[in-house]
Amino acid sequence: MSAAFSSVRAIRRPGSFAGEKHSPPVASSKFASDFLGCAGRLPFGALSVSIRPRSARRRGLSSVVAVSDVVKEKKLKRSSSSSDLLITKEEGLELYEDMVLGRTFEDMCAQMYYRGKMFGFVHLYNGQEAVSTGFIKLLKQEDCVVSTYRDHVHALSKGVPARAVMSELFGKTTGCCRGQGGSMHMFSKEHNLLGGFAFIGEGIPIATGAAFTSKYRREVLKESDCDHVTVAFFGDGTCNNGQFYECLNMAALWKLPIVFVVENNLWAIGMSHLRATSDPQIWKKGPAFGMPGVHVDGMDVLKVREVAKEAIGRARRGEGPTLVECETYRFRGHSLADPDELRDPAEKARYAARDPIVALKKYILENNLASEAELKAIEKKIDEIMEDSVDFADASPLPPRSQLLENVFADPKGFGIGPDGRYRCEDPKFTEGTAHV
Amino acid sequence: MFGVVRQKVSAGGSPLTILGQTLPFLRAVASPLRSYSSAAKEMTVRDALNSALDEEMSADPRVFLMGEEVGEYQGAYKISKGLLDKYGPDRVLDTPITEAGFTGIGVGAAYHGLKPVVEFMTFNFSMQAIDHIINSAAKSNYMSAGQLSVPIVFRGPNGAAAGVGAQHSQCYAAWYASCPGLKVLAPYSSEDARGLLKAAIRDPDPVVFLENELLYGESFPVSAEVLDSSFCLPIGKAKIEKEGKDVTITAFSKMVGLALQAADILAKEGINAEVINLRSIRPLDRATINASVRKTNRLVTVEEGFPQHGIGAEICTSVVEESFGYLDAPVERIAGADVPMPYAANLERTAVPQVEDIVRAAKRACYRSMPMAAAA
């Protein structure tokens, strides 16, 4: 085992923020074993491994990750059992509440699915809450989030009410998309959640377009205060898709205010990331396109939050995109229809021990940010919200039949029909330049 | 003067036909009159598209153009000539060769209130981006229950050009027109090109705008109304290019020109054909088509694309559903050959409908033709 992992460790060294969280040997091998999960060894024949001395500094290489020294220092500080706290009490409670909301909601979804109230494809986010909370809680309402089919918790973190999401899942007309979208297509214009896409990789160009709009508004439409950032969430499997690379290229080329967040949970349904990817370290793909690539422990919301602050700050200042790889894990199967037989129970147990909610709770209590009672109060509040959202969704009506044909077009008749129902071009005044278009 | 005007008239169809057929005795007089009337100017389709883009971009700062070679190269087919100089690289974007990526970026920008015009060098390349056209653009208004409308235009040349081979010659009208949530337009003349492109850019829904490369250089007369900067044509309404009473011929894009030529030939044989320029493939103007069939009782549909599941099939079904009792003959469907487009020039000619095919079909519909076997 040691022989296999030592060479793996060497791969991680170069320009590595991968090892950033702990001091060398213990951490790297711990990290390596976690990263490899249980899926067995890397196919070493496929990688050209050159073992480099541990002390080699890689800063000169262009492939080195370029993340600010501020983050590095903070991480090093924390790793040596820091005494400065990363969050205030309010922030801590906010993060805790958001993660508990996400977890409880997803558990409730599973219950409702097995009771037949929810149907179709439902993909749950249990275990990955730190990524959603860590990033989205730093965003403003005007910032955009683009997600995949595993989007319930992104919607909740962005501010879509739990009632609206639950009704949408039940297919009721009071849902955030009036029951027309479903689990995989959560949209909210008010909260700037741009979906909810079933095709992997589909959301990445959309997010890049939203970031493009932000830049366009600032530079062409001269709205000088427009500094909206877009955060795109997607998985490890998506990182092998052409659209991902196309957008990394264009985002870096045009310096768009976007953060690409990879939720690397090591599995794409039943396909292990290591079996599908020639170089499994996704963060490395950022520098290849001229943007920083960062790897962070996605099971720790505080670490995610630190990296997120830096990346979102970069984007807001107009310095361009960042690629953030969050190593995380989903506790449940790919969807509720997935029997989840291919994953090793030992791997699952290892990650379950790193449950982000438990970790945050421990941090809060150990650092006396809040008492046990306050945390219990939050949990109770979330339970009540859940009950209410299920009751609301149950009581809501199904969409009426007339809703079937609605909303296909924003303007069903097409431009050219005037308000009086006649064709505009038949109006004799049409071409006097006074036509109201 | 008349002779000069005649020379400039495109091979694709006689613009005098409209006046000409109904008032033949005025034809000789028409041209000098026209120079005093408002219908004197001629404009190529290319200029029509360019002027439409120019006007829409100047009227609304949210409109921007993106595509391969639209900027410094002045457009792969010079449609966007001069726009980069006028509007700058922020609004006329040269993209890398990443259809899926930049189409998705356009859709994402449209979600947020900008009005992108995405140019595909040909619609064949749109297949690399078709996921975004259908799944992110067409379906979004529905999936979000009206929250996110997508005011985007996808435009580019469609259909066969000359000798460009199988992968550059497919017609995508039927593919896009079958998808709810998209509007699909196919202009023929300069007037169509201007009016429909302006309508498409102002429309709050995704529009697929199918141009034709061989029509870009053709000139058509345009009236002053057409040149007005607020000129728009309605989406969803067909145009009757030539009125008739014996047989209805429907066509779109380049085939309209062939249909008009066929109508001329048929007129000499005593068959008065009505030619409908569909203009809008989705929504299809079923009302106009059915009204025409109820008048003439015979129908010939013409299209350049593959026959199976094509536009002609949809029109035929629409007529059968709504005007079956009025049909005096089976519907004749002219389409491209059911093969990928061959390269050899003579084979290409046989793979695309020609004027003779339309004339033969119209005669068959009027029961005036030779038996089918002899017509091969």
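Here are some questions about how the chains meet, with answers.

Reply: Quick ground rules: this is a predicted model, where local features need pLDDT of at least 70, side-chain atom pairs count only at pLDDT 80 or more, and totals for chains, interfaces and linings use all residues. Residues are numbered from 1 along each chain as its sequence is written, chains are lettered from A and ligands numbered from 1 in the order written, and side-chain values use heavy atoms, leaving out hydrogens and water.

Me: How many residues does chain A bring to the contact with chain B?

Reply: Contact here means heavy atoms within 4.5 Å. Chain B puts in 54 residues, and from chain A come 54 residues.

Me: How many salt bridges does the rule find across the interface of chain A and chain B?

Reply: You'd look for a side-chain nitrogen of Lys or Arg within 4 Å of a carboxyl oxygen of Asp or Glu. Across the interface of chain A and chain B, the count by that rule is zero.

Me: Which element supplies the largest share of the side of chain A that touches chain B?

Reply: Helices (H or I, at least four residues) and strands (E, at least two) are DSSP runs, numbered from the N terminus. β2 (187-188), α8 (203-219) and α9 (242-253) of chain A each give at least two residues to that side. The largest share, nine residues, belongs to α8(A).
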